[in-house]
Amino acid sequence: MDRGHCLCGNVRWETDGARLWSGYCHCESCRRNCAAPVAAFFGVEDGHWRWVGIAPARYTSTPDVTRYFCANCGTPVAYASKRFPGETHFYAAGLDTPAAFEPEFHVHYAEHVPWMIVADDLPRYPHGGNEGEPE
Ligand SMILES: [Zn+2]
Ligand SMILES: [Zn+2]
């Protein structure tokens, strides 16, 4: 089971433990939403996770995308998009045990900031993971 929480602890979530995939997103939207050079996240099938404690607030960043955050402390906690029906994406940095994360790829690498030095050998998809070949 995975568990995570926001900075103040109001918003907590837990999953049944199965992750669909794990990766990094370098897109501008995630960068601005998280105020961080890259977002580390993983997908969980809907029906296999739940909010615990106070439910988060939502921001609809585009008509298809909902971003969940703590209304008290502002921490981003999750992401859902109509492009990925039936799954919700949780930020790995919010895990109660953040070391327990095994990223598999980078997406939207074409948008990465040059001062974010990536030294792993994971595939770097220039756009979404299902669009084109990795670098
Ligand atoms: Zn909070
Ligand atoms: Zn992104």
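Reader: How many bridges join β1 to β2?
Author: Quick caveat: this is a predicted model, in which local features need pLDDT of at least 70, side-chain atom pairs count only at pLDDT 80 or more, and totals for chains, interfaces and linings use all residues, while side-chain values use heavy atoms, leaving out hydrogens and water. Residues are numbered from 1 along each chain as its sequence is written, and chains are lettered from A and ligands numbered from 1 in the order in which they are written. Strands are DSSP runs of E with at least two residues, numbered from the N terminus, and two of them pair if DSSP finds at least two bridges between them. β2 covers residues 11–15, runs antiparallel to β1, and the number of bridges joining the two is 3.

Reader: Which strands stand at the edges of the open sheet?
Author: The sheet has 3 strands with antiparallel pairing, in the order β1-β2-β5. Two of these strands have a single partner each, so one side of each is left without a neighbour in the sheet; they are β1 (3–5) and β5 (49–53).

Reader: What geometry does the site of the zinc ion (ligand 1) have?
Author: Donors here are N, O and S atoms within 2.8 Å of the metal (3.2 Å for Na, K and Ca), and water is not among the atoms, so sites may look incomplete. This zinc is held by the SG atoms of C6, C8, C70 and C73 at 2.3 Å. Four donors count as tetrahedral if all angles lie between 85 and 135 degrees. The angles at this site are 107 to 115°, so by that cut-off the geometry is tetrahedral.

Reader: Is C73 buried, partly exposed or exposed?
Author: Buried means under 20% relative accessible area, exposed over 50%, and partly exposed in between (1.4 Å probe, protein chains only). C70 has 2%, so it is buried. C73 has 27%, so it counts as partly exposed.

Reader: What spacing do the donors of the zinc ion (ligand 2) follow along the chain?
Author: Its protein donors are the SG atoms of C25, C27 and C30, lying 2.1 to 2.3 Å from the ion. Both C25 and C27 are buried. Along the chain, the spacing is C-x1-C-x2-C.

Reader: Which residues is V113 in contact with, leaving aside neighbours within four places in sequence?
Author: V113 sits in the segment after β10 (106–107) and is buried at 10% relative accessibility. Contact means heavy atoms within 4.5 Å. With those neighbours left aside, the contacts of V113 are R31 and P37.

Definitions and conventions
Four donors count as tetrahedral if all angles lie between 85 and 135 degrees; four count as square planar and six as octahedral if opposite donors are over 155 degrees apart and all others between 65 and 115; anything else is irregular. Helices (H or I, at least four residues) and strands (E, at least two) are DSSP runs, numbered from the N terminus.
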